[in-house]
Amino acid sequence: MVRMLTCFSCLLVSSLLGGQVPTLQEVRQAMGIPSTETLRGQQDSLGYASTAEQMAQVWTLAQAPPLPEAFGPLPAPGVAGAILPHDDYLYAGRIYRRIIPLVTAKTIVLVGTFHKYRRFGARDRIVLEAYPAWRSPDGPIPVSPLREALRLLLPAGEFTQGDASHDSEHSLEAIAYWLRHQRSDLEILPILVPAASFERFQALASHLGSALAVLMKGRGLRLGKDVAIVISSDGTHYGSDFKYTPFGEGGVEAYLQTTARDRALLKGALSGPISPGKALEFFKACVNPERPDEYRATWCGRFAIPFGMLLLDSTAKALGQPTPTGLPVAFGSSVDTPPLPVKALGMGTLTPANLYHFVTYPGVAFVEGKP
């Protein structure tokens, strides 16, 4: 689900475009820092850092107490994959800071939530882009040459190119900036995932994973050490303006029931060895599998997470590596810890945070084999 009042640029997109499919020019006009032909810009320049100073300060502030809720000891760095939120840094920064150091690969396949997939008429195919590099606070992030090689290996009907789609979306840039701050030679392969049936996701992930494994074998790359798959998703979005109040309008009891259910997902479908069954369990918890556009739980990564899990599974199998295992690492929300003090840095939010309007944040690592 789209974050309510995410940023001025998101509001501007909505007001300008009505029900029409957005053009590249219209989307760029609404970006915080517009893209150029050779550099993907920045959609959200309020909730996320846009300068090196801001990013450095957020990195430091996010490691200060109180730490987010933990589920056990941290796994060793070099994980095969992860799930990270994409909400504003002042709310979700502590979760980013907990997970990002575990992801040490140079090449990151970023699997993103596509909030506006309906507006773009996108479904049943993954969405790639054509930028040579993405802007970040710490300098450009090159797009991996694996992207162009994959285009030649994937069936034509299973992907599309959508620069406007990527320009309109904030779910990948949110994570990419933290990864780039940690590793200056980072390369990314950005993918947006719109709606599809679970069976379609299985086919898409199987073909992409097999193709990715072929390219990795040819280059001597290993999942975890050299390449990691990072999935972007916030957890439940609760409140009447999200049109989601299964436990009442809000308040302490609604918050406790919501977070208990999200913890159950983290400890259930997102824990243990990855399998199609685990991915389907998560899919069914979040959407009606017969009509995937219908929410059951408002995790905005309701498509990105099952697709990303299936992609991790198929890639590892095609490489002959052990099946990755999910380990919940951190959990938080927009109201469980004080916001990071970033307003003096020129950062902030347009999103309220209270017991009647809150978002939860999952942090999951996928490690090679059994931990």
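The following exercises, each with a worked solution, concern a predicted model.

**Exercise 1. Cysteines**

Determine how many disulfides the structure holds, and explain why C300 is in none.

*Solution.* 
1. A disulfide requires two cysteine sulfur atoms within 2.5 Å.
2. When the whole structure is searched under this criterion, zero disulfides are found.
3. For C286, which takes part in no disulfide, the nearest cysteine sulfur belongs to C300, at 9.7 Å.
4. For C300, the closest cysteine sulfur is that of C286; because 9.7 Å separates the two, they are too far apart for a bond.

**Exercise 2. Burial of the two cysteines**

Decide whether C286 and C300 are buried or exposed.

*Solution.* 
1. A residue is buried if its relative accessible area is under 20%.
2. C286 has 0% relative accessibility and therefore counts as buried.
3. C300 has a relative accessible area of 3%, so this residue is buried as well.

**Exercise 3. The surroundings of S136**

Locate S136 and describe what surrounds this residue.

*Solution.* 
1. The loop that joins β6 (133-134) to β7 (141-142) contains S136.
2. With a relative accessibility of 5%, S136 counts as buried.
3. The S136 side chain reaches the backbone oxygen of G139 at 2.5 Å.
4. Leaving aside residues up to four places away in sequence, S136 touches I141, Y177 and R180.

Terms used:
Residues numbered from 1 in each chain as written. Predicted model: local features only at pLDDT ≥ 70, side-chain atom pairs only at ≥ 80, totals over all residues. Heavy atoms only, no water. Buried < 20%, exposed > 50% of the residue type's maximum accessible area, 1.4 Å probe, protein only. Helix = DSSP H or I, 4+ residues; strand = E, 2+ residues; numbered from the N terminus. Polar contact = N/O pair within 3.5 Å; in protein donor to acceptor, adjacent residues only side chain to side chain. Contact = heavy atoms within 4.5 Å.
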